[in-house]
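Q: Can you walk me through this one? I have some quick things to ask.

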Amino acid sequence: MALKLRQFALMALPVLLFIIILWYGIGWNIYVSLTSYSLYKPRLDFVGLGTYSDLFSDTAFINAIKITFAWAALLVLLGNLVGLLIAVAIFQFESARLRSLLTSYFVYPLAVPLVASGVIWRWLFDSAKGFNVYLSKLGLPEIQWLSGWNALWSLIGVSVWVYGGFIALLYLAAFYNVPRDVIDSALVDGADALTLMAKVVIPHSKLGLLLGTIFSFLFALQMFDLPYSVLFTNPFTMTMVIYMYNKFAYMIINISAAACVFLIALSAIIVIPYATYGIRKWILKVM
Amino acid sequence: MKFKLNVLVATVILVATSTLWILPLYALVAGSVKSLADAMGSPLLDLPRIPDFETIVRAFNALAGSMLNTAIIAIPATFIAVLIGSLAAFAIYLRGGRVANYVPPLIAITTYIPYQALIVPLISLIRQAEEVLKVPLYDTLHGLFIVFLIYYTPMATLLMFIFTNNLPREIVEAALVDGMKPMTVYRRVVLPLLGPGFVATLIFMLVQMWNNFFIPLSMTRGYEKHITLRIFSYVGQAGTIYNEMFAAAAIGSLPPLLIFVFLGRYFVRGLLTFTGGGR
């Protein structure tokens, strides 16, 4: 019993309007990126791909691409490793209550405003008041956490703290979906806990790896709050979103829009398959 | 009881990782109850010599205004986004066919691409709307509210569509066959059945809006209109004294953390649905 089109449009009207606005935003970025629109030339003169050649000859943008890619690669790698480790450890306990309590515990950084986390970590990395005090008490060499490229590695580490528990959650959700009889038959065969995890549970949980990878990649592409609240526009931690925001703040709108188009295109490689195929297959289960 | 090596190893791993995980929160709490002298002299992870709540009271007074602003925006925006989102989700579900095949992916694409990439066109639209309507929108609370709605309603619709899609179709169809209007079915049948999913979406959206920094940063001037801006305003103040900014960060993080402590399972469910791990 399908809803009449008119009725559908009426019930979904505000949402349809908002979706149109957001899609208009994608189109606007593409259009403006082909013009000379900026503070210096506040007119929509068509310049074709000129903006893009300006964008890609800006070393700051090339740097931002490299930083964002490094961030994505390391967050995918370390996030999955840490997430899997935590998930496997939590899975060893039998009690469902304990499992869900522990899982929530590791997810808590996602409930804290990233700006607040930025404030805390900035001080934890402080050479006079932070980790270094304790390192030198233990007789270990001090680390310049936030100087030069160290800043990038340190903040990538912080992002693993932010998202690691969330990735563990994805793995655990996958573990719980491993058919009970598969686990039972492995146990009957005398598998110990390590064999059970390595040969049965983890191989059955590829969806955890896939979703963990998809979302750590997407979160890395969106990285803004954390580097911006710790180091503002420091060149060593300037991600693509910070670059884009900076150009916008200085009213160089066409370059900002071109950076947005590049960022959207990059995320589309993952987002389009996920939004068209992944959701239907894994969540809605209609395929 | 049989000794289990795997449980022992798991315990060791979890004790180590959970200590690391709590460290920032511990530093936050410890730092925000340190007195000025204590904060100047002692490193971050040392316990406060004598807990001093003056800093936190001062931070609360300083932050109360922006907390109120954030609440005034985020709470109604959350409810409205989830309500109209769930209604639209139900309409998509009922309409079925091509609408159900094409509209959710269109929503999902805008939800999962970096949302920051759409802020400039949105602000330019807001500027045009100001000229047409002759009402200020940029740098106002209601303008921020509108932009939150535009961003988060599609996301809420997607989550609610996922929950709605899990409903048993027979119940909904039976109600329609009985001659109930779609809106009545939504109110009497769908909403009660969707209870937990609805709450999960609400909680997830509320935390997102409270914690969002980029949208208020781009949409407003100054630091007063959103709590994350207010926390950020402390970062610029250099020096060696961290108790003030820790107190501010603690106060600003308290509402989402309390929600997380008491309604964490809804938050986790919303998060899992958002990222495909849920059912």
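A: Here is the chat on this model, topic by topic.

Q: What kind of model is it, and what pLDDT do local features need?
A: It is a predicted model; local features need pLDDT of at least 70, side-chain atom pairs count only at pLDDT 80 or more, and totals for chains, interfaces and linings use all residues. Residues are numbered from 1 along each chain as its sequence is written, while chains are lettered from A and ligands numbered from 1 in the order in which they are written.

Q: Start with chain B. How many helices and strands?
A: Chain B has 11 helices and zero strands. Both are DSSP runs, numbered from the N terminus: helices are H or I with at least four residues, strands E with at least two.

Q: What does the C-alpha trace of chain B span?
A: About 75 × 75 × 30 Å along its principal axes.

Q: How much of chain B is buried?
A: Of its 279 residues, 52% count as buried. Buried is 20 or more other C-beta atoms within 10 Å of the residue's own, exposed is 12 or fewer, and partly exposed is in between, with C-beta atoms placed from the backbone.

Q: What share of the chain B contacts with a separation of 6 or more comes from residues 24 or more positions apart?
A: They account for 71%. A contact means that the C-beta atoms of two residues, placed from the backbone, lie within 7 Å.

Q: At what angle do α5 of chain A and α1 of chain B cross?
A: Roughly 90°, and the axes of α5(A) (residues 114-124) and α1(B) (residues 5-32) come within 10 Å. So α5(A) is roughly perpendicular to α1(B). That label covers 65 to 115 degrees; under 35 is roughly parallel, over 145 roughly antiparallel, and the rest oblique. Axes are lines fitted to C-alpha atoms, for helices over the stretch in contact, and angles run from 0 to 180 degrees between N-to-C directions.

Q: Which residues meet there?
A: S117(A), I120(A), W121(A) and L124(A) meet P24(B), A27(B) and L28(B).

Q: Which residues touch the most other members of the largest nonpolar core?
A: A87(A), A259(A), A91(B), F148(B), Y152(B) and A249(B), out of 200 residues. Such a core is a set of buried Ala, Val, Leu, Ile, Met, Phe, Trp, Tyr and Cys residues joined through C-beta atoms within 7 Å.

Q: And what does Y152(B) contact, leaving aside its neighbours within four places in sequence?
A: A77(B), A81(B), M205(B), Q208(B) and M209(B).

Q: Is M251(A) buried or exposed?
A: Exposed, because 12 other C-beta atoms lie within 10 Å.
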